[in-house]
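Dear colleague,

I am passing on a structure that you have not worked with before, and I would be grateful if you read the notes below with the model open beside them.

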Amino acid sequence: MITIKDVAKLAGVSISTVSIVLNGTRKLSPATEAKVRKAIETLQYHPNQYARSLVTKHKKVVGVIRIVDEERDDHSQDLYASTVDTYLQDMLWNIEEVIRLHGSSMVLGWYDALAPEQIPSILDPSRVDGIVCVGSFISAQLIAAVKRSGLAAVLVGARDAAFDFVDADVERAFQLSASSMLQRGRRRLLLLNGPGNSQSSQRREAGFLQAVAMAGAEGRTCNCQFSGKSAEEVCLGMIPTFKPDAIIAGADCMAVGALNAMRRLHLSCPEDISVMGYEDGLLAQYSVPPLSTVRIHKGRIGTEGAMLLFDRIGNPSAPPVQKIVEPELLFRSSTD
């Protein structure tokens, strides 16, 4: 097995000089660094990551915690009744790519907002260099645990003044969605919002109600789970009494639930009711009819969140950096 001693011998330098090049602890002359790197490449030397972590204090591992608000039942096959987690899936490749480009690996954990005292085991400085928390169900218990850990941390889809975060401009997205329906002559708008303990749900409602109030139109809001089944059940109860002519959903899967409820009530889309989704995942493109929705650029959010984390690891005392990503309306057949 090739060792650091072999590299030092081939490069004609000391072992400590090779270590400096590997760990970046201080500057060397360009000529010396070039000799060491050429020896590393020639010998195809791969340092022992565990041994390096003892010296550099970095594990080269990043934790990603997905924050959810439903019991995880491995035996359940009813995806329609569950949260369709396109939010994390669509940004995970981007997060992982940034982590890989920084020479680190990724470990994934879960945090259940219904059991806020159960802190994920990966929130541990002996295991990871930093944490990306993904989801809007952020709790005071999780925030306190992250602070206690001392780990570099970035929030994605949630906001806290003490942390770096990246989030979609949710309030703006729902203000634009409602305004677009109003501009099309729709006057009775229903917002299918997520659970009330979600930060993003609060922002959805604020944007929606602002647009409705400015237009002098009629708007109703109701909370349900981020699932098609929950949205369908709510719509079956709401549509016959309120009689909306536009539905704006807090997620694409909820919009699909609204479409199913309309079919059961013998209503057509968009002739009777226009429907607007949110996120722009595969469900939006392949629903019947295809959904108008809001593209929130999940891949970009994931990339920027991961990049912020490595900036924080490298500069732990810097002021928090907080980014808001602008939404983009996409119109398909579910709106006229």
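This is a predicted model: local features need pLDDT of at least 70, side-chain atom pairs count only at pLDDT 80 or more; totals for chains, interfaces and linings use all residues.

I begin with helix H5, which covers residues 86-101 and, with its 16 residues, reaches 24 Å from its first C-alpha to its last, close to the 22 Å expected at 1.5 Å a residue. The helix bends by about 40° at Leu92, and Leu92 is also among the buried residues of H5, which include Tyr87, Met91, Ile95 and Ile99 as well. Just after H5, Gly103 adopts a positive phi of about 75°.

Is Ile296 buried or exposed? Ile296 is buried, because its relative accessible area is 2%, which falls under the 20% cut-off. Leaving aside residues up to four places away in sequence, Ile296 touches Tyr87, Ala168, Tyr278, Glu279, Ile301 and Val325. Of these, Glu279 is 17 residues from Ile296 along the chain, while their C-alpha atoms are separated by 5.5 Å.

Lastly, strand E6 (residues 188-193) pairs with strand E7 (residues 218-223) in the parallel sense over six bridges, and within this pairing Leu190 stands opposite Arg220 of E7. Together with helix H8 (residues 199-215), the strands E6 and E7 form a right-handed β-α-β unit.

Conventions:
Residues are numbered from 1 along each chain as its sequence is written. Side-chain values use heavy atoms; hydrogens and water are left out. Two strands pair if DSSP finds at least two bridges between them. Helices (H or I, at least four residues) and strands (E, at least two) are DSSP runs, numbered from the N terminus. A crossover is right-handed if, with the strands pointing away from the viewer, the path from the first strand over the helix to the second runs clockwise. Buried means under 20% relative accessible area, exposed over 50%, partly exposed in between (1.4 Å probe, protein chains only). Contact means heavy atoms within 4.5 Å. The expected span of a helix is 1.5 Å times one less than its number of residues. The bend at a residue is the angle between axes fitted to the seven residues ending there and the seven starting there.
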